[in-house]
Amino acid sequence: MKSKHSIVIVFVTAPNLRVARKLAKTILETRLAACANLLPKIESHYRWQGKVETASEVLMILKTTHAQVSKLEKCVLENHPYDTPEFVVLSAVSGNKRYFKWINDSVK
């Protein structure tokens, strides 16, 4: 079911659960997202400052609206310990009508 408002999924990685939980709490209290799923113990491999690095991280999956993306990104950048945190936005093309309504109602 398509939503009348654009629903997006945002990926953010954090260095540990403490940071991810703090970010999630801030994001939810400010109504910038309706939900934050925290997937601990992911193994990230990436190139950083000319080297290949490996780290244990927490993947945050945030559900929000397109209208909130700029404010959400600003919040993440202001509260994240990384110099360059992951912030990737994916459009939700379709989904459950009631679930999308709940997201829209939650991020006003």
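Which side chain meets that of Lys-108 in a salt bridge? The partner is Asp-105, with 3.9 Å from N to O, where a salt bridge is a side-chain nitrogen of Lys or Arg within 4 Å of a carboxyl oxygen of Asp or Glu.

## Basis of the values

This is a predicted model, in which local features need pLDDT of at least 70 and side-chain atom pairs count only at pLDDT 80 or more, while totals for chains, interfaces and linings use all residues. Residues are numbered from 1 along each chain as its sequence is written, and side-chain values use heavy atoms, with hydrogens and water left out.

Lys-108 is exposed, with a relative accessible area of 69%, whereas Asp-105 is partly exposed at 31% (buried means under 20% relative accessible area, exposed over 50%, partly exposed in between, with a 1.4 Å probe and protein chains only). Through salt bridges that share partners, Lys-101, Asp-105 and Lys-108 are joined into one network.

## The pair in helix α2

A search of the whole structure finds four salt bridges, including one between the side chains of Lys-74 and Glu-78, at 3.8 Å from N to O. These two residues are four apart in helix α2 (residues 69-79), which means that about one helical turn separates them. Lys-74 is exposed at 52% relative accessible area, and Glu-78 is exposed at 57%.
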